[in-house]
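Dear colleague,

I am handing over the structure that follows, together with an account of what was found in it. Please read the notes below alongside the sequence and the coordinates.

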Amino acid sequence: MTSPRLPQVKAVPGRFQDSGMTFGQFLEEAWSVVCRSLGIGQRAVENVLAELREVIRPWGSRPIGTRCDPPSFVSADGFPAEISISWKAGRPEVRILFESLSSDRTPFGSQEAGRELTRRLAHTAGVDVARYLSIEDLFVTPVPERYRPTVWHSLAWRPGEKPHYKVYLNPQAHGREHVHDVVAEAMHRLGLATAWTPVGSRDKELARQGHELEFFALDLDGGNASRVKVYFRHHPMPMGELDTVAALAHRHEPVRAARARAVIYGRDSGIVGNEPMTCLAFRGGVTGPDEANVYLRLPDNTRTDAEAAARIARLMRFEGITPRPHAEVLRQLTASLPANTGSLLELCSYRTTSAKLPADIGLYLRFPLYAAATG
């Protein structure tokens with residue numbers, strides 16, 4: 001979802017390609033390691049793994065091979081999935097974001113596989129796809145671009161709860177010149193036209209300042225608590241300018257966000273050029289964006305995963321969150337993956353919801369298994 005625009009060369013471990021390991025086997029192993037690191041019991045993990053196997057069929061049985069064809073924009077090297085952990089009120093939530101792959105290995109096939117999965121999810125308890133179906137035509141095309149988003153999904157799970165699903169869509173599917181018209185129409189159909197106005201009315205200004213509207217997502221849950229999310233990519237700009245989009249949200253706290261940026265980037269000024277992102281969340285009954293989640297990119301910003309982890313731990317301590325589980329996740333993943341896998345840490349996300357509560361902090365993990373994406 002947050003792959004940098006330009007492909008990046010990555011190290012190529014041999015263990016997975018040479019062994020014939022499938023995408024499903026790899027993702028199950030990575031998911032299990034993360035959950036075990038967080039102290040989650042194996043029985044609970046197995047229940048979720050059964051659901052994960054279902055949503056990534058049939059492509060989960062495909063061998064990883066030496067490249068993903070077509071390359072997925074989920075990751076810089078084309079790998080079609082990422083795993084993340086979010087700490088909310090001290091409780092971890094484990095998520096996986098993925099692009100469904102098709103047997104014909106084309107972008108159109110991946111788009112259609114994503115559409116088919118959404119319809120399959122309609123039969124899952126707690127899932128409501130009616131809102132998605134009301135806007136789907138705005139985000140699909142007969143000629144999707146290679147190495148660009150199609151129809152993606154995420155599964156998010158907190159122990160003791162059922163998994164929750166989200167769908168991610170490409171508002172640039174019909175060309176960048178139509179992005180704001182597409183989003184405005186989608187918000188109108190979803191009953192959020194008024195909430196969108198404070199953002200949509202500034203579309204040209206935001207674009208001129210380097211804030212590119214790139215993703216559209218919605219929770220596949222029913223009720224007013226279900227969110228619609230719009231993601232902006234930030235092209236090179238001064239550090240302070242990064243807050244322009246987030247500042248549109250009601251519950252965003254600029255002073256705390258500035259501290260978070262300074263901690264993760266190791267400075268509080270200068271030009272930021274590694275394409276961080278901001279997500280605005282909209283809910284029914286709220287005028288304007290309700291929350292903002294800022295995604296601060298770590299590669300090209302820190303020299304090693306150890307340096308990135310130290311900065312994330314410092315930010316967690318500022319927010320009153322113990323960094324020990326975060327450190328254990330990294331320790332066990334590093335031990336279970338080949339030494340030359342490359343950087344695991346891709347993003348740190350930061351979102352304030354209340355002046356009285358710790359911020360939600362997320363850790364986004366990438367698994368660079370290929371030499372490079374070929375767009």
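Thr334 is situated in helix 12 (residues 324–336). Please bear in mind throughout that this is a predicted model. Thr334 has a relative accessibility of 51% and therefore counts as exposed, the threshold being over 50%. Between the C-alpha atoms of Thr334 and Leu190 there are 43 Å, and the two residues are 144 apart along the chain.

Val129 belongs to the loop between helix 4 and helix 5 (130–135). Its relative accessibility is 8%, so Val129 is classed as buried, for which the value must be under 20%. Apart from neighbours within four places in sequence, the residues in contact with Val129 are Thr118, Ala122 and Leu220. Asp221 is 92 residues from Val129 in sequence, yet the C-alpha atoms of the two are 7.6 Å apart.

Aromatic residues

A search of the whole structure gives 15 aromatic pairs. One of them is formed by Trp59 and Phe98, a tilted pair with 6.2 Å from centre to centre and 40° between the planes. This pair links distant parts of the chain, since its members are 39 residues apart: Trp59 is in the loop between helix 3 (42–55) and strand 1 (81–88), and Phe98 is in strand 2 (residues 91–99). Trp59 and Phe98 are both buried. They also belong to one aromatic cluster, whose other members are Phe23, Phe26, Phe79, Phe367 and Tyr370. Elsewhere, the face of Phe73 has Arg148 over it, at 4.7 Å from the ring centre.

The largest pocket holds about 560 Å³ of space. Its lining comprises 34 residues, and those closest to the centre are Lys88, Glu93, Arg95, Lys166 and Arg227. By class, the lining of the largest pocket contains 15 charged, 11 nonpolar and eight polar residues. Strand 1 contributes the most to this lining, with five residues. Among the other strands that each supply at least two residues are strand 2, strand 3 (152–157), strand 4 (164–169) and strand 6 (228–234).

The second largest pocket has a volume of about 150 Å³. Of the 13 residues that line this pocket, Arg57, Pro58, Trp59, Leu101 and Ala113 lie nearest its centre; Trp59 is also the tilted partner of Phe98. Helix 4 (residues 107–121) provides the largest share of the lining of the second largest pocket, namely four residues. That lining consists of six nonpolar, four charged and three polar residues.

Backbone features

Two cis peptide bonds should be noted. One joins Arg57 and Pro58, with omega about 0°. Another joins Asp69 and Pro70, again with omega about 0°. Pro58 is in the loop between helix 3 and strand 1, and Pro70 is likewise in the loop between helix 3 and strand 1.

Tyr147 has a phi of about 55° and is located in the loop between helix 5 and strand 3. Because its relative accessibility is 5%, Tyr147 counts as buried. For Asp300, phi is near 70°, and the residue is placed in the loop between strand 10 and helix 11 (305–318). Asp300 has a relative accessible area of 69% and is therefore exposed.

With kind regards

Technical notes: Residues numbered from 1 in each chain as written. Predicted model: local features only at pLDDT ≥ 70, side-chain atom pairs only at ≥ 80, totals over all residues. Heavy atoms only, no water. Phe/Tyr/Trp six-rings, centres within 6.5 Å; stacked < 30°, edge-to-face > 60°. Buried < 20%, exposed > 50% of the residue type's maximum accessible area, 1.4 Å probe, protein only. Lys NZ or Arg CZ within 6 Å of the ring centre and 35° of its normal. 1 Å grid on protein atoms, 1.4 Å probe; cavity = no way out; pocket = protein on both sides within 12 Å on 5 of 7 lines; lining within 4 Å. Points joined across faces, edges and corners; volume = space filled by probe spheres on them. Nonpolar A, V, L, I, M, F, W, Y, C, P; charged D, E, K, R; others polar. Contact = heavy atoms within 4.5 Å.
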